[in-house]
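User: I would like to go through this model and ask, point by point, what each label rests on. Please set each value against its definition before you conclude.

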Amino acid sequence: MFYYSIYGLQLTSNHALPGLLGLPEPDPDAEVVSSVRLELGSWPETFEPLLAQARQVQPWFTSDSLDTAGEPGLRTWKLAGDNFYWFRYSDGAEFIVASDGRQVWGYWPPTLSLWDAATYFYGAILGFVLRRRGATCLHASAVGIAGRAVLFIGQAGAGKSTLAAAFARQGYPVLCDNIAALVKSEVGLQVQSAYPFIRLWSDSVETLWGRADALPRILPAHPTWSKRYLDLSGPNYHFQAEPLPLGAIYMLDDRLAEDRAPYTEHASPRAALLNLLANIYPYGLSDLASQTRDFTLLGRVIKAGRVRSLHPHADPLRLPLMIQTIVADLEAHQTIDSIQINNE
């Protein structure tokens, strides 16, 4: 077995997982509250009749995104009432998640790799597990600035991971590049640490390092998936392995060619709430209780004045200036107080 820490969870897996830093075998007598067990390659035969029944009914969730054949990228069914959830991707990858988020089984066909399966697990599957465990998850990257977690949210392609990598190049610690998990703690609202790498498209690598091949490809043999891999555990970068209090959330707006860009401005409560709700992750895979919890928590974040609009410049060479703009904005508008979230 292999042991990891990810998003504050103790993860036990029957496969070594790419990109994660392994931990020694835990003390068998120690009490572990936040544990998840991952079984890759198979699941118990008792699931087969449940899967056969699920194939005869409409999915509980169907994604809006379509694959190249026009099929939904993801379908999800409830099994045995709502004791388990079956995630079936159009490329053949499948996962079954226990309702309490403590057990996950996964399978991928020979046409995929372990990295493919891990990418699904690090994304929607783990996001679903975290939400079942009480976290509010945003589709965001997060870096540490002055001991606080600063989040960047925006539409796909807005530059969240690129901005996190730009901060990493300047020595700032990185917590995550895809899912930011917000959890309540005794010291206030915190953002959990994810995994020690950032995935970047080749054009982002070229912008930051001057050449598209400056970082290794995640899947060198993959014909179409050209994402590359920044290892934050190396000597030149800093992975933030411990959670940090939430400092601020910046909403990445459209890139502008105006001379005043990049710049920040106040976000109205309505715009902030709509934007945050639109970036809850994974979108659509939640029940009423978790939706209510997310709405309440994010409302308090907005009330605390922690959400700002960020307008990048269209010229990627102004990324260093955008970092300076963000740091100066934090100094001017954000307090050092933790956001207190009670258990109401």
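User: What makes the pair formed by the side chains of Ser202 and Arg228 a polar contact?

Analyst: The two side chains come to 3.3 Å, and a polar contact is a pair of N or O atoms within 3.5 Å, where within protein one must be able to donate a hydrogen and the other to accept it, and where residues adjacent in sequence count only if both atoms are side-chain atoms. The pair of Ser202 and Arg228 is therefore called a polar contact. This is a predicted model, in which local features need pLDDT of at least 70 and side-chain atom pairs count only at pLDDT 80 or more, while totals for chains, interfaces and linings use all residues. Residues are numbered from 1 along each chain as its sequence is written, and side-chain values use heavy atoms, with hydrogens and water left out.

User: Where does Ser202 lie, and which residues is Ser202 in contact with, leaving aside neighbours within four places in sequence?

Analyst: Ser202 belongs to helix H4, residues 202-209; helices (H or I, at least four residues) and strands (E, at least two) are DSSP runs, numbered from the N terminus. With those neighbours left aside, Ser202 is in contact (heavy atoms within 4.5 Å) with Ala212, Ser226 and Arg228.

User: Why is helix H2 described as largely enclosed by the rest of the structure?

Analyst: Of the 19 residues of H2, 15 are buried, so the helix is largely enclosed; buried means under 20% relative accessible area, exposed over 50% and partly exposed in between, using a 1.4 Å probe and protein chains only. H2 bends by about 40° at Leu126, the bend being the angle between axes fitted to the seven residues ending there and the seven starting there. At the start of H2, a side-chain oxygen of Ser113 reaches to within 3.3 Å of the backbone nitrogen of Trp115, and just after the helix Gly134 takes a positive phi of about 100°.

User: What makes a group of residues a nonpolar core, and how many residues has the largest one?

Analyst: A nonpolar core is a set of buried Ala, Val, Leu, Ile, Met, Phe, Trp, Tyr and Cys residues joined through side-chain atoms within 4.5 Å. The largest has 71 residues, and those with the most contacts inside it are Tyr7, Phe87, Tyr122 and Leu151. H2 (residues 114-132) gives the most to this core, with eleven residues. Another core, of 30 residues, lies apart from it and has among them Ala168, Val174, Val205 and Leu310.

User: Why is Ala146 called exposed, and why does Ala80 count as partly exposed?

Analyst: Ala146 has a relative accessible area of 79%, so it is exposed, whereas Ala80, at 37% relative accessibility, counts as partly exposed. Ala146 is found in the loop between strand E9 (136-145) and strand E10 (148-153), and Ala80 in the loop between strand E5 (74-79) and strand E6 (84-89). Ala80 has a positive phi of about 55° although it is not a glycine, and for Ala146 a positive phi of about 55° is likewise found.
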